[in-house]
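Subject: Structure handover

Hello,

Here is the structure you asked to look over. My notes on it follow below.

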Amino acid sequence: MLRVHSYESMGTFDGPGLRLVVFLQGCNFRCLYCANPDTIDACGGTPTKPEEILRMAIDQKPFFGKRGGITFSGGEPTFQAAALVPLVRQLQEAGIHVCIDTNGGVWNPAVEELFSLSDLVLLDVKQADPQRHNALTGRDNVQTLRTAAWLEEHGKPFWLRYVLVPGYSDAEEDIRALGQRLGGYKQIERVELLPYHTLGVHKYEAMGQEYKLAGTRENTPQELEHAAEILREYFPNVIVN
Ligand code: SF4
């Protein structure tokens with residue numbers, strides 16, 4: 001069984017083309033800006049047979065076109081890597097492109113197999129500096145950076161995703177640290193710079209939790225473009241999403 005939080009059909013945001021996005025339950029990080037705090041509890045969500053997800057993906061395959069497919073997001077999908085591995089094999093046997101949207105912070109043999117099998121990894125790096133990463137997510141970034149290095153060494157294509165959080169990851173030195181750390185990687189097909197947003201704030205209220213970034217403003221278009229310009233000094237393909 002997989003514990004599923006929710007689904008999005010025809011998603012255009014999490015990987016190439018039109019995609020079925022499956023948000024899985026459970027996460028090892030505690031990002032201050034998390035827009036899906038209700039996905040963090042590993043015991044939440046709906047227990048779901050993998051065959052049900054396979055059937056949904058096959059039903060939606062005509063809409064995926066040449067580039068689309070399925071994306072497992074969350075939460076942190078590697079939390080359920082052991083259950084995902086056989087499903088990913090079946091999806092690929094059915095000719096469906098598989099993306100994993102991950103913070104890269106979990107590592108075990110099942111996660112390694114999951115990344116080996118997947119067609120594309122969307123690697124969310126929240127901060128390149130370990131201490132500032134800890135301030136933002138409650139965890140260090142050691143494994144995330146190791147995961148990036150593993151993907152590079154094993155020739156696995158990935159997209160790097162970076163959220164520009166005012167006061168936490170938007171300083172020029174933060175952005176340059178990311179470029180200096182990962183800029184030479186050949187397997188990074190694109191860098192997606194994502195704006196900070198407050199769309200999940202109502203969930204904190206509903207869950208009776210404090211939203212710790214209350215009062216943090218959103219990025220201006222100029223700030224996003226300036227950050228993208230800096231990243232373009234290190235990476236050939238940077239887009240603001
Ligand atoms: S890694 Fe994603 S799901 Fe987990 S706390 Fe951070 S933003 Fe939320």
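**Strand β9 and V238**

V238 sits in strand β9, which spans residues 238–240; helices (H or I, at least four residues) and strands (E, at least two) are DSSP runs, numbered from the N terminus. The model is a predicted one, where local features need pLDDT of at least 70, side-chain atom pairs count only at pLDDT 80 or more, and totals for chains, interfaces and linings use all residues. Residues are numbered from 1 along each chain as its sequence is written.

V238 is buried, with 20 other C-beta atoms within 10 Å. The term buried stands for 20 or more other C-beta atoms within 10 Å of the residue's own, exposed for 12 or fewer, and partly exposed for anything in between, with C-beta atoms placed from the backbone. Setting aside neighbours within four places in sequence, V238 is in contact with V191, L193, A228, L231 and R232; contact is defined as C-beta atoms, placed from the backbone, within 7 Å. V238 and V191 are 47 residues apart along the chain, and their C-alpha atoms are separated by 4.7 Å.

**Overall**

The protein has eight helices and nine strands. Its radius of gyration is 17 Å, which agrees with the value near 18 Å that a compact globule of 241 residues would have. That radius is taken over C-alpha atoms, and the globule rule is 2.2 Å times the number of residues to the power 0.38. Along the principal axes, the C-alpha atoms fill a box of roughly 45 × 45 × 35 Å. Of the 241 residues, 41% are buried. Among contacts between residues at least 6 apart in sequence, 75% join residues at least 24 apart.

**Core**

The largest nonpolar core has 57 residues, and V22, L123, L160 and Y162 touch the most other members. Such a core is a set of buried Ala, Val, Leu, Ile, Met, Phe, Trp, Tyr and Cys residues joined through C-beta atoms within 7 Å. Strand β7 (residues 158–164) gives the most to this core, with six residues. Not counting residues up to four places away in sequence, L123 touches T102, G104, T147, A148, L151, F158, L160 and R161.

I53, in helix α1 (residues 50–64), is buried, with 22 other C-beta atoms within 10 Å. Beyond four places in sequence, I53 is in contact with L2, V22, T48 and L87. I53 and I70 lie 17 residues apart in sequence and 9.7 Å apart in space, C-alpha to C-alpha.

**Two helices with a buried face**

In helix α3 (residues 109–117), the buried residues are V111, L114 and F115. Seen down the axis of α3, they fall within an arc of 95 degrees, so they line one face of the helix; the arc is that of the directions from the helix axis to the C-beta atoms. The face turned away from the buried side of α3 carries the exposed residues P109 and S116. The cover over the buried residues of α3 includes α2 (81–93), β5 (97–102), β6 (120–124) and α5 (142–153).

Helix α6 (residues 172–182) buries D174, I175, L178 and L182. These cover an arc of only 100 degrees around the axis, which puts them on the same side of α6. On the face of α6 turned away from its buried side are the exposed residues E172, E173 and Q180. What covers the buried residues of α6 includes α4 (130–137), α5, β7, β8 (188–195) and α8 (221–232).

**Ligand surroundings**

Which residues are around the ligand? They are C27, F29, R30, C31, C34, N36, T39, I40, G74, G75, E76 and N103, where near means a C-beta atom, placed from the backbone, within 6 Å. By class, this shell has five nonpolar, five polar and two charged residues. Ala, Val, Leu, Ile, Met, Phe, Trp, Tyr, Cys and Pro count as nonpolar, Asp, Glu, Lys and Arg as charged, and the others, Gly among them, as polar.

**Backbone points to check by eye**

A cis peptide bond joins G74 and G75, with omega about 10 degrees. G75 lies in the loop between β4 (69–73) and α2. M10, in strand β1 (residues 2–11), has a positive phi of about 60 degrees although it is not a glycine. M10 counts as exposed, with 12 C-beta neighbours inside 10 Å.

Regards

Methods:
Contact = placed C-beta atoms within 7 Å.
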